[in-house]
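Please open the structure in a viewer and keep the sequence at hand.

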Amino acid sequence: MKIIALSNQKGGVGKTSTVVNLALFLRDKREARVLVVDLDAQRNTSSTLQECAAGVTTSTLFEQQASLDALSGEAGKIDLIEGDAGLTDLDRHASPDKVIEAFVKNLSSLKERYDYCIVDTPPALGLRMTAALIAATHVVTPIEPEQFAIDGLGQMIRTIKNVKQKYNKKLCFVGILINKLDRRSPDQKETLQALQAGYPGFLIPEVIGWKSAIPRALSNRVPLWDVKSTAARGAVKELLPALEYIIQEADKGGN
């Protein structure tokens, strides 16, 4: 099972939409056995994929004796482990070493049931993001090309490197995914150039532009490629190459 964590300490950068679209892509285009884990207490991924809920909450994954029998791992199906209110209590009261160890062990116990696990992490460098990075095989950092969104990017990359060095030597950083790019915006073009200059070799070559059809499809809880409109078809041409790149890198082991 490839475990792909979507991580950025800044919210509103397209992290959840990438998680959902990756899961739908793997289900619809690869007929894979897909597990989605929502570690964000805001539950945006959970609400979007509600029909895929498997009856397990993510706080359960941090328990020493977790009951995961409800997770079936059928081909061409998404099983969602939903975010829940217990996640915020976890941050305040849990013993970090014990709950992270439990999370990694529980996720590892599912490796024969699924081909891919996509993890939506919270927009904060804390216990839950750390747990996801320690458990993951791969990590992708989505980012919107706005200055406020890239201010903490260096710290995010350092966190990934530190986790790899200290706790998870198999972790592969697939790269920074540019998301919501407005190609008509001079400011965003300038920011993109700054990213290319400041993080050479880190940027995923496929860029997802700002297309209203993408959030509209998510809000309607349907895959973008099932929407019959000119706008959706244009958006698919940008979205699919990015998703395919991420999965290809995961399949071959990443960078």
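The stops that follow lead from the sheet to a pair of helices and then to the salt bridges.

This is a predicted model, in which local features need pLDDT of at least 70 and side-chain atom pairs count only at pLDDT 80 or more, while totals for chains, interfaces and linings use all residues. Residues are numbered from 1 along each chain as its sequence is written, and side-chain values use heavy atoms, with hydrogens and water left out.

**The sheet**

Begin by selecting the strands. Helices (H or I, at least four residues) and strands (E, at least two) are DSSP runs, numbered from the N terminus. Seven strands form an open sheet with parallel pairing, in the order β3-β4-β2-β5-β1-β6-β7; two strands pair if DSSP finds at least two bridges between them. At the edges are β3 and β7 (172-178), each of which pairs on one side only. On average, neighbouring strands of this sheet are turned by 20 degrees against each other, direction ignored. In general, the strands of a sheet pair through backbone hydrogen bonds, either parallel or antiparallel.

Next, select strand β4, residues 77-82. Is this strand mostly covered or mostly uncovered? Strand β4 is mostly covered, with five of its six residues buried; buried means under 20% relative accessible area, exposed over 50%, and partly exposed in between (1.4 Å probe, protein chains only).

- Strand β2 (residues 33-38) runs parallel to β4 and is joined to it by five bridges. Val34 stands opposite Ile78 in β4.
- Strand β3 (residues 53-57) pairs with β4 in the parallel sense over three bridges. Here Ala53 has Leu80 in β4 as its bridge partner.

Elsewhere in the sheet, select strand β1 (residues 2-6) and strand β6 (residues 138-143), which run parallel and are joined by three bridges. Ala5 stands opposite Val139 in β6.

**Two helices in contact**

Select α1 and α10 together. Their axes come within 10 Å and cross at roughly 80 degrees; axes are lines fitted to C-alpha atoms, for helices over the stretch in contact, and angles run from 0 to 180 degrees between N-to-C directions. The two helices α1 and α10 are therefore roughly perpendicular to each other, a term for angles of 65 to 115 degrees.

Among the α1 residues that meet α10 are Phe25 and Arg30, and Leu243 and Asp251 are among those on the α10 side; contact means heavy atoms within 4.5 Å. The residues of this contact of α1 with α10 divide into eight nonpolar, one polar and three charged. In this grouping Ala, Val, Leu, Ile, Met, Phe, Trp, Tyr, Cys and Pro count as nonpolar, Asp, Glu, Lys and Arg as charged, and the others, Gly among them, as polar.

**Salt bridges**

How many salt bridges does the structure hold? The structure holds ten, a salt bridge being a side-chain nitrogen of Lys or Arg within 4 Å of a carboxyl oxygen of Asp or Glu.

Select Arg30 and Asp251, which form a salt bridge with their closest N and O atoms 3.3 Å apart. Arg30 lies in helix α1 and Asp251 in helix α10 (residues 230-252), so the pair ties together parts that are 221 residues apart in sequence. Arg30 is partly exposed at 36% relative accessibility, and Asp251 is partly exposed at 38%.

Finally, select Lys15 and Asp120, whose side chains meet in a salt bridge (2.6 Å, N to O). Lys15 lies in helix α1 (residues 15-30) and Asp120 in strand β5 (residues 116-120), so this pair ties together parts 105 residues apart in sequence. Lys15 is buried at 6% relative accessible area, and Asp120 is buried at 0%.

Key:
Parallel < 35°, antiparallel > 145°, perpendicular 65-115°, else oblique.
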